[in-house]
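Let's take a walk through this fold together, from the overall picture to a few backbone details. Please keep the structure open beside the text.

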Amino acid sequence: IMNARTLHHGSKQSRHNQARYGMNRPNPRPKVMVFVAALAISCLASSVLFSRVLLGTGFLALSNDSTGLARSSPQEFGSAIKRITPDDGNALGVGTSNNLKAGKKVPPPVAKNSRLHFVFFIGLEGTGHHLVVPLVNASNSFKQLQQSDIHPKHTNEMKRLLFHSKNRSTGLWSAPCVIPNNWEKPIPGIKYPTKPNVTHLEHSLIEVLQDMESKFKTWQDGLVEAEKNKEEASAFHPPTISMTTLTVNGAPDEPDNHGQASYPNFKGNCKPRAFPNLDAWYSICDRAKVRCSHVYIYRDPYEVVESTTIKRPYNFNVMDAIHLYTMMLGIIRSQLLDHGHRTLACVSLFESMTDRNLEQMKILGDVLDFGPVNKEDDDEDGPFLEYFHSIFRKPISASKSNATNTRTEMQIAKWGYGLYMESFKKLHHEVIELCFEQQGLYNDHGAAN
C-alpha cells in the first residue's frame with residue numbers, strides 16, 4: 001500500500017511539474033532548427049550570387065597565389081564602377097601596399113595649371129638654412145616674385161602665419177609654444193595669450209596661398225597681353241608661361257621674426273616642440289589647390305653639433321644637442337615617409353662635390369631658376385654652382401680634416417657621449433637614403449600634376 005501511494009503521489013507530482021514548467025508543451029526545437037537551416041541556405045545563395053557579380057564586374061579575379069584572390073587591374077576596377085583617376089584608386093586602396101619604406105603613394109590632385117611652386121626646405125638646425133637665403137635672393141624666381149609684388153608683403157604674411165618668434169599664437173608652427181598657466185618660465189618680450197586659434201590660422205593660410213597664386217597668374221597674364229599688343233596678332237607668339245618657385249623658408253625675411261623653420265626653430269624651453277608640422281602644411285596646400293614640395297638639406301652630424309652648440313649657444317650643452325637632433329631626425333623621417341612623392345632633391349650644402357651631390361645641387365639650381373646649363377659641356381657648372389662657389393666658405397674645422405677626425409668628434413668621445421652620437425649618425429644616414437629613394441617619386445607623380 002505504501003509503495004502504491006508513493007507511486008501515485010510521484011505521478012501526481014510529475015504531472016504538476018509538467019504543467020508548471022511547461023514540460024508537457026510541444027518541443028519548439030524542430031521549428032527553430034528548420035528556420036536556422038533556411039537562413040543558412042539563403043545566406044549561402046546570396047554570397048554565391050554576390051561573388052558572381054564581383055567576378056563579373058572585375059572587382060575580384062581568381063589567381064594561383066596563396067590567398068586565392070587578387071585585385072583586378074585599376075583599369076578593370078574603374079570600368080566596373082566608374083571612370084576614376086589614379087588618385088581615387090589610391091584612396092580606395094588600389095596599389096598602395098608596396099614600397100611603404102619610401103613612402104610611395106600617389107599624391108592628391110592639385111591644380112594642374114599652378115603658376116607658383118611652394119618649396120619648403122626640410123632640415124635640422126645648422127644644416128644651411130641661412131645659406132639658402134642668398135641663393136634664393138640671387139635667383140630668377142625671386143626676381144619675378146619681387147616684380148609681381150608677391151614679395152615681401154605676401155611672403156612675409158605667409159611666414160608670420162607659419163612661425164612667429166614674438167607673438168607665438170599667430171603662427172601655426174609656433175602655436176604649440178604658447179605657455180598656459182606659467183607651465184614654463186616666460187621669456188621677456190614675448191606675448192603668451194591663453195590659447196591660439198589654429199582653425200583661424202589654417203583658413204588664413206589657405207587664403208594667403210590662394211591670393212598669391214591668383215595675383216601671380218594675373219601678373220603673368222598681363223605680361224603676355226602686353227607682348228601681344230606690341231606685335232600684330234598674326235605674328236604674335238605668346239611667351240612660354242612657366243611655373244615659378246616660391247621658397248617657403250628661404251626668402252629674405254623682413255624683419256627676422258620668423259626664423260628659417262628648421263628642425264627645431266629658435267631657442268628656449270619650448271625648443272623641442274618648435275618644429276614644422278609638414279602634414280598640416282601639405283593639408284593646407286591641397287585645400288588651397290596649390291603645388292607644394294620640399295627639398296631635404298643635410299650636414300655631417302659632428303658639424304651640426306659644432307656649429308649649433310660649440311660655436312653658438314643654440315643648445316644647453318652637447319648632450320642636449322645630440323639627443324634633441326636625433327629626436328628631430330626621427331620626426332623628419334616620419335614626415336618624409338608620409339610625403340615622399342613631394343621630394344625634389346636631397347642636398348648637402350657643406351659636403352664635397354661628389355657626383356651624387358653635384359647632381360642634386362644642379363637640381364636645386366633648376367628649382368630656383370638660375371638659368372640653363374650648357375649640357376654639351378659636362379665640365380660646366382652653370383650659373384647656380386658658379387654663384388654658390390663664389391659665396392660659400394667651408395668652415396675651418398671641417399676643411400682642415402675629414403669629418404671623422406674633427407675636434408668635435410674627439411671631444412664627444414672624450415666626454416663619453418659616443419653611444420648617443422652613434423644613434424644620431426645612424427639615423428642621419430638612414431634619412432639620407434630614404435630621401436634618395438623618394439626622389440624619383442616626384443618625377444613619377446609630382447611633376448605630372
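## Overall picture

This is a predicted model. The protein has 16 helices and six strands, and buried residues make up 42% of its 449 residues. Contacts that reach across the sequence are well represented: among those with a separation of 6 or more, 74% are between residues 24 or more positions apart.

The largest nonpolar core holds 61 residues, and F118, M158, L209 and W281 have the most contacts inside it. Eight elements each supply at least two of its residues: β3 (116-122), α7 (153-162), α8 (198-230), α9, β5 (291-297), α10 (301-310), α11 (318-338) and α16 (418-444). Of these, α11 gives the largest share, with ten residues.

Leaving aside residues up to four places away in sequence, F118 touches M158, L209, M212, L246, V248, W281, V290, R291, C292 and S293.

## A closer look at V248

V248 sits in the loop between β4 (244-247) and α9 (278-288). Is V248 buried or exposed? Its relative accessibility is 2%, under the 20% cut-off, so V248 counts as buried.

Beyond residues up to four places away in sequence, the partners of V248 are F118, V119, F120, M158, K159, L162 and W281. V248 also shows how the chain folds back on itself: T155 is 93 residues away in sequence, yet the two C-alpha atoms are 7.8 Å apart.

## Helix α5 and its neighbours

Helix α5 (residues 129-137) packs with helix α13 (residues 382-391) at an angle of about 130°, the axes being 11 Å apart. That angle is why α5 counts as oblique to α13. The crossing is right-handed. On the α5 side the contact uses L131, P134 and L135, and on the α13 side F384, Y387, F388 and I391. By type, the residues of this contact are seven nonpolar, no polar and no charged.

In α5, the buried residues are H129, L131, V132, V133, L135 and V136. They pack against β3, α6 (140-147), β4, β5, α12 (355-368) and α13.

## Helix α10 against α15

Here the axes of α10 and helix α15 (residues 407-415) come within 9 Å and cross at roughly 85°, so α10 is roughly perpendicular to α15. Y302, V305, E306 and I310 of α10 meet R407, T408, E409, Q411 and I412 of α15. The residues of this contact comprise four nonpolar, two polar and three charged.

## Backbone details

Where are the cis peptide bonds described here? One joins H151 and P152, with omega about 10°, and P152 lies in the loop between α6 and α7. Another joins Y263 and P264, with omega about -5°; P264 is in the loop between β4 and α9.

The loop between β4 and α9 also holds A261, which has a positive phi of about 55° although it is not a glycine. A261 is buried, with a relative accessible area of 6%. D369, in the loop between α12 and α13, is not a glycine either and has a positive phi of about 65°. With a relative accessible area of 30%, D369 is partly exposed.

Note on methods: Residues are numbered from 1 along each chain as its sequence is written. This is a predicted model: local features need pLDDT of at least 70, side-chain atom pairs count only at pLDDT 80 or more; totals for chains, interfaces and linings use all residues. Side-chain values use heavy atoms; hydrogens and water are left out. Helices (H or I, at least four residues) and strands (E, at least two) are DSSP runs, numbered from the N terminus. Buried means under 20% relative accessible area, exposed over 50%, partly exposed in between (1.4 Å probe, protein chains only). Contact means heavy atoms within 4.5 Å. Axes are lines fitted to C-alpha atoms, for helices over the stretch in contact, and angles run from 0 to 180 degrees between N-to-C directions. Angles under 35 degrees count as roughly parallel, over 145 as roughly antiparallel, 65 to 115 as roughly perpendicular and the rest as oblique. A crossing is left-handed if the near helix is turned anticlockwise from the far one by less than a right angle, and right-handed if clockwise. Ala, Val, Leu, Ile, Met, Phe, Trp, Tyr, Cys and Pro count as nonpolar, Asp, Glu, Lys and Arg as charged, and the others, Gly among them, as polar. A nonpolar core is a set of buried Ala, Val, Leu, Ile, Met, Phe, Trp, Tyr and Cys residues joined through side-chain atoms within 4.5 Å.
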